[in-house]
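Visitor: I would like a quick tour of this model. Please show it first, then take my questions.

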Amino acid sequence: MEEGTFESLGYCADTGVDDDVLQWDQRADCEVRQILDRIADKWSLLVIALLDKRSLRFTELRRAIDGVSQRMLARTLRHLERDGLVSRTVHPTVPPRVDYALTPMGATLHATIRALVVWTEEHQNAIAAARAAYDRRVAAEQEAAEREEAERLAVARAALPIRG
């Protein structure tokens with residue numbers, strides 16, 4: 001195999017270039033990208049955070065996650081279970097009771113998510129300030145562009161002959 005060639009369509013790790021970001025291959029068939037897409041969506045993050053302390057029933061999760069539909073929560077839990085991050089336990093009762101809990105691997109992911117939340121909390125004021133500065137700059141640029149356009153139109157109108 002030629003140096004730098006992927007081993008398979010799903011292989012997207014190191015290709016000989018010393019740059020970690022290339023491991024996050026942008027191809028749709030890259031497994032790293034697929035996993036990151038799955039665990040980084042808003043519903044998965046919330047489910048993992050809620051299951052950190054204890055197992056929860058489906059209805060408890062649904063009540064705790066504002067805005068999630070029953071279908072989307074079921075789909076999210078199914079995907080997390082398939083990826084080995086959440087376990088599903090069915091209790092033989094009437095009606096059946098189903099509990100969801102983090103697996104040991106899911107618990108290690110929660111620690112990583114928690115670090116991201118802590119970073120966000122520490123930097124939220126700086127991010128808010130950067131957003132406000134950006135919004136002011138963009139608004140000023142838009143106003144300047146509109147003024148320039150108005151001036152161009154005024155010059156063009158002045159140059160046109162007057163018809164009577």
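Guide: One term before we start: a contact means heavy atoms within 4.5 Å. Also note that this is a predicted model.

Visitor: In what order do the elements of the protein run from the N terminus on?
Guide: The protein has 5 helices and 3 strands. From the N terminus on, they run α-α-β-α-α-β-β-α.

Visitor: Which residues does S44 touch, not counting residues up to four places away in sequence?
Guide: S44 is found in helix α2. Its relative accessible area is 1%, so S44 is buried, the cut-off being under 20%. With residues up to four places away in sequence left out, S44 touches R38, I39, T76 and L80.

Visitor: How far is the backbone oxygen of R38 from a polar atom of the S44 side chain?
Guide: R38 is among the residues that S44 touches. A polar contact needs N or O atoms within 3.5 Å. Here the backbone oxygen of R38 and a polar side-chain atom of S44 are separated by 3.1 Å.

Visitor: Why do the buried residues of α2 line one face of the helix?
Guide: The buried residues of α2 are W43, S44, V47 and I48. An α-helix has 3.6 residues a turn, so residues three or four places apart point the same way. Seen down the axis of α2, its buried residues line one face because they fall within an arc of 130 degrees.

Visitor: What do the buried residues of α2 pack against?
Guide: V47 is one of the buried residues of α2. V47 is also among the residues with the most contacts inside the largest nonpolar core. The packing partners of the buried residues of α2 are α1 (31-39), α4, β3 and α5.

Visitor: Which side-chain oxygen reaches the backbone nitrogen of W43, and to within what distance?
Guide: The place to look is the start of α2. There a side-chain oxygen of D41 reaches to within 2.9 Å of the backbone nitrogen of W43.

Visitor: Which elements each supply at least two residues of the largest nonpolar core?
Guide: This core has 20 residues. Those with the most contacts inside it include L51, L61, L73 and Y100. At least two residues each come from α2 (42-50), α3 (58-64), α4 (70-82), β3 (97-102) and α5 (104-159).

Visitor: Leaving aside neighbours within four places in sequence, what is L73 in contact with?
Guide: L73 is among the core residues with the most contacts inside the core. Its contacts, with those sequence neighbours left aside, are V47, F58, L61, R62, I65 and V68.

Visitor: Which strands stand at the edges of the sheet?
Guide: The sheet is open, with antiparallel pairing and the order β1-β3-β2. Each edge strand has a single partner, so one side of each is left without a neighbour in the sheet. The edge strands are β1 (56-57) and β2 (86-91).

Visitor: What is the bridge partner of S87 in β3?
Guide: β2 and β3 pair over 6 bridges in the antiparallel sense. The β3 partner of S87 is A101.

Visitor: What is the omega of the peptide bond from V94 to P95?
Guide: P95 lies in the loop between β2 and β3. Most peptide bonds are trans. The bond from V94 to P95 is cis, with omega near -10 degrees.

Visitor: Is A40 buried or exposed?
Guide: A40 sits in the loop between α1 and α2. Its relative accessible area is 51%, and the cut-off is over 50%, so A40 is exposed.

Note on methods
Residues are numbered from 1 along each chain as its sequence is written. This is a predicted model: local features need pLDDT of at least 70, side-chain atom pairs count only at pLDDT 80 or more; totals for chains, interfaces and linings use all residues. Side-chain values use heavy atoms; hydrogens and water are left out. Helices (H or I, at least four residues) and strands (E, at least two) are DSSP runs, numbered from the N terminus. A nonpolar core is a set of buried Ala, Val, Leu, Ile, Met, Phe, Trp, Tyr and Cys residues joined through side-chain atoms within 4.5 Å. Buried means under 20% relative accessible area, exposed over 50%, partly exposed in between (1.4 Å probe, protein chains only). Two strands pair if DSSP finds at least two bridges between them. A polar contact is a pair of N or O atoms within 3.5 Å; within protein, one must be able to donate a hydrogen and the other to accept it, and residues adjacent in sequence count only if both atoms are side-chain atoms. The arc is that of the directions from the helix axis to the C-beta atoms.
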